[in-house]
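Reader: Hi, I'm new to this one. Can you put it up and walk me through it?

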Amino acid sequence: MGYGMSRLEDEYYEPEVQETDGSSSVKVNDEFPKLHNDIFHMTRMRSGLSESIYKSMGTNRGIISTAKLLSGREVDCSGKGMFSSGDRAFVLGRYVPMNGPEFLDRMDSRAYVSQFSADGTLFVAGFQGSHIRIYDVDRGWIVHKDIHARSLRWTISDVSLSPDQRYLVYSSLAPIIHIVNVGNAARESYANVTDIHDGLDFSQHEDVQYAFGIFSVKFSSDGRELVAGSNDESIYVYDLHANKLTLRLPAHTSDVNTVAFADESGHLIYSGSDDTLCKVWDRRCLSTGQAAGVLTGHLHGITHIDSHGDGRSFISNGKDQAIKLWDIRKMMSNADRYSQQIEIQVHPILTFYQYKFVYNMKGMFLPLFLLCSSLHLKYSDLHSCMSK
């Protein structure tokens, strides 16, 4: 939207003119005020604040802060109880990058996965050529840590930073996840040369009968456990303190592409699969082997899930190019799902592609990154703008 508007404005602005006194100015083409472009007017109308907002704020026109807009919505100043589509576009439009992507680094293989740290100060990128780089965002995106991984099958499939930012785990299309200490001062980390990259074996379970690959791995909020999703349709939980696998859960009918802990308790786990379903698992009641609830809505496989951390909501994106915000208080139980005879269609041709989107927020700035074929989606504090 912003790009289209800027293109239209460019067409109606003259180049800089050098004045006789040495100053420069930009002159507006006379045709601009008389513009009768339907797209231009429609875009401006649908991306501006509604009249009810201005009336409720007691002002005619001008800039209204985002904080005032949000507080006004909460007390229902407009009388509608929610933002209009134009109001949402106006608020979010302030934080969408307008200047296009910025070149930061170049490697000799594809960037396959990426992740911001919880506080937004570090950015981790995993490359297909056995390379992981951690960038220091606050110091101009310099390379904070350069990790040369080991024992990979095809690519690094996922990475995860511990909450204290001391450890990093990385997975591949193999049942072994490696953990490396990134809290030391050394910039370079070569597997088993300068640092020990300990291997955590996720195949040490009596129900495992064949080799599998891990697509997703995440730390718990206390850093004591790892949860992983694999291509054997299962979820795994590994206790780092006990140094053993504590749970294997047959979870879906296709590859489990993404997993996440729901909150600080570690009791709830979210999972997303190529069977198009998002599921919620309660580790306190797994005797039946059934999910606590199922969330349907994606048309193709789920590629990434990120929890808000409150145990009630999360966001997901999928191969249908849709991003969804879920409230698990409205999820279906398994009994409801089967009674309604919901038919799930799996599209095998799509299961070979992983799309992830990185979308993080620090303060009120939303840096947006698209790394090759990898899309990761991260929660932003602005999610409340879209929730009503």
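This is a predicted model: local features need pLDDT of at least 70, side-chain atom pairs count only at pLDDT 80 or more; totals for chains, interfaces and linings use all residues.

Reader: Ok, how many helices and strands are in the protein chain?

Author: Seven helices and 24 strands. Those are DSSP runs numbered from the N terminus, where helices are H or I with at least four residues and strands are E with at least two.

Reader: And how much of the chain counts as buried?

Author: 46% of its 388 residues. The chain exposes about 20300 Å², and carbon and sulfur atoms supply 51% of that. Those areas come from the Shrake-Rupley method with a 1.4 Å probe, and for residues only the protein chains shown count as cover.

Reader: Where's the largest nonpolar core, and which residues have the most contacts inside it?

Author: That core has 15 residues, and Ile132 and Leu168 have the most contacts inside it. At least two residues each come from strands S3 (111-116), S4 (122-127), S5 (131-136), S7 (156-161) and S8 (167-172). S7 gives the largest share, three residues. By nonpolar core I mean a set of buried Ala, Val, Leu, Ile, Met, Phe, Trp, Tyr and Cys residues joined through side-chain atoms within 4.5 Å. Apart from this one lies another core, of 14 residues, including Leu200, Phe202, Val217 and Phe219.

Reader: What is isoleucine 132 in contact with?

Author: Leaving aside neighbours within four places in sequence, its contacts include Val124, Ile147, Ile156, Val159, Leu168 and Tyr170. Contact here means heavy atoms within 4.5 Å.

Reader: Switching topic: how many aromatic pairs does a search of the whole structure find?

Author: Nine. One of them is phenylalanine 123 with tryptophan 141, edge-to-face at 5.6 Å centre to centre and 65° between the planes. Phenylalanine 123 sits in strand S4 and tryptophan 141 in the loop between S5 and strand S6 (142-148), so the pair ties together parts that are 18 residues apart in sequence. Rings of Phe, Tyr and Trp (its six-membered ring) pair if their centres lie within 6.5 Å; planes under 30 degrees apart are stacked, over 60 edge-to-face, and the rest tilted.

Reader: Are phenylalanine 123 and tryptophan 141 buried or exposed?

Author: Phenylalanine 123 is buried, and tryptophan 141 is too. Elsewhere, ring pairs link Phe202, Phe212, Tyr236 and Tyr238 into a cluster.

Reader: Now histidine 252. Where is it found?

Author: In the loop between strand S15 (244-250) and strand S16 (256-261). Histidine 252 is buried, at 7% relative accessible area.

Reader: Which side chains does the side chain of histidine 252 make polar contacts with?

Author: One is serine 271, at 2.8 Å, and another is aspartate 275, at 3.0 Å. A polar contact is a pair of N or O atoms within 3.5 Å; within protein, one must be able to donate a hydrogen and the other to accept it, and residues adjacent in sequence count only if both atoms are side-chain atoms. Glu233 is also among the residues in contact with histidine 252.

Reader: That's the glutamate you opened with! Where is glutamate 233?

Author: In the loop between strand S13 (225-230) and strand S14 (234-239). Most residues other than glycine have a negative phi. Tryptophan 154 also has a positive phi, near 75°, and lies in the loop between S6 and S7. At 53% relative accessibility, tryptophan 154 counts as exposed.

Reader: Last one: which strand does serine 216 lie in?

Author: Strand S12, residues 214-219. Serine 216 is buried, with a relative accessible area of 1%, and its side chain makes a polar contact with the side chain of aspartate 158, at 3.5 Å.

Conventions. Residues are numbered from 1 along each chain as its sequence is written. Side-chain values use heavy atoms; hydrogens and water are left out. Buried means under 20% relative accessible area, exposed over 50%, partly exposed in between (1.4 Å probe, protein chains only).
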